[in-house]
Each structure stands twice: as structure tokens, then as C-alpha cells.
Amino acid sequence: PTSALPDLVAASLASFAGVSGDVRRLLLRLVETSPQLLFSRLHEGVTMAAANLVGQQAAHGTLPLERWRFAFFCEAYSSQADSRAARARFLDALLAMLAAPAAQTGL
């Protein structure tokens, strides 16, 4: 199941609203048993989601309005970030993911 985490993160972000609740609950159960999974596999899942959204020809301006896409991240942060160190790891993983494309282009 741990190898499925990137696929589940991608499904959480790039699937349809009707399945997002089930995917979110499954992700939260996986992360609850091993929080480090989220930090180590987040980038891969978000990259997969981006590729899926491109394939779906998703409209960029509508994605932030679809809050269900980001529900997992909000819940994971609130449930797994019970300490300052956990919050820092979660934010470090997000920032590393966001910084990766800039580093690849030399910015």
C-alpha cells in the first residue's frame, strides 16, 4: 500500500469530486500509520497529478476554486502536524516540491 501513496495523492488532486472523499480517507489512514510517507512521496504524487491534469486539459483558473482537491493536504496538516517538528517537515516537503522546478531551470 505504501507504494500506492503517490497514485493516491495524484487521485486526490486530479480525479473527480465524487471519489475524492474516499481517496482522502484512505490517504489519511496511510499517513496516520506512517507520517514519513507523506513527506517522502509527496513530490511524486503532485507531479503525477499535474501530468493527469494536463492530460485532462484542465482549466488552470478553476483548480484553486475546487477546494475538494486540496482537502487531503489540509486534513493531513491538521492531523499530522501535532508538533512544531512535524509542521516543519510538512512545510519543508511542500517547499521542496515547489522549489524543484525552479532548481531544474537554474533559477
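User: Is Leu 94 buried, partly exposed or exposed?
Analyst: This model is predicted: local features need pLDDT of at least 70, side-chain atom pairs count only at pLDDT 80 or more, and totals for chains, interfaces and linings use all residues. Residues are numbered from 1 along each chain as its sequence is written, and side-chain values use heavy atoms, without hydrogens and water. Buried means under 20% relative accessible area, exposed means over 50%, and partly exposed lies in between (1.4 Å probe, protein chains only). Leu 94 has 21% relative accessibility, so Leu 94 counts as partly exposed.

User: How far is the C-alpha atom of Leu 94 from that of Val 46?
Analyst: Leu 94 lies in helix H5 (residues 84-105). Val 46 is 48 residues away along the chain. Their C-alpha atoms are separated by 9.8 Å.

User: How many helices does the protein have?
Analyst: Helices (H or I, at least four residues) and strands (E, at least two) are DSSP runs, numbered from the N terminus. From that end, the elements run α-α-α-α-α. There are 0 strands. The number of helices is 5.

User: What percentage of the residues count as buried?
Analyst: The protein has 107 residues. The share that counts as buried is 34%.

User: How many of the 10 residues of H1 are buried?
Analyst: H1 is mostly covered. Its buried residues are Leu 5, Pro 6, Leu 8, Val 9, Ala 10, Ser 12, Leu 13 and Ala 14.

User: How is H1 oriented to H3?
Analyst: Axes are lines fitted to C-alpha atoms, for helices over the stretch in contact, and angles run from 0 to 180 degrees between N-to-C directions. Angles under 35 degrees count as roughly parallel, over 145 as roughly antiparallel, 65 to 115 as roughly perpendicular and the rest as oblique. H1 (residues 5-14) and H3 (residues 35-55) pack at about 50°, with axes 7 Å apart. That makes H1, relative to H3, oblique.

User: How many nonpolar residues are in the contact of H1 with H3?
Analyst: Contact means heavy atoms within 4.5 Å, and the residues making it include Leu 13 of H1 and Met 48 of H3. Ala, Val, Leu, Ile, Met, Phe, Trp, Tyr, Cys and Pro count as nonpolar, Asp, Glu, Lys and Arg as charged, and the others, Gly among them, as polar. The contact has 2 polar and 3 charged residues, and its nonpolar count is 13.

User: How do H2 and H3 lie to each other?
Analyst: H2 (residues 17-33) and H3 pack at an angle of about 110°, with their axes 4 Å apart. H2 and H3 are therefore roughly perpendicular.

User: How many nonpolar residues are in the contact of H1 with H2?
Analyst: H1 and H2 pack at about 145°, with axes 9 Å apart. Their crossing is left-handed. The contact includes Leu 8 of H1 and Leu 27 of H2. It has 1 polar residue and no charged ones, and the nonpolar count is 9.

Note on methods. A crossing is left-handed if the near helix is turned anticlockwise from the far one by less than a right angle, and right-handed if clockwise.
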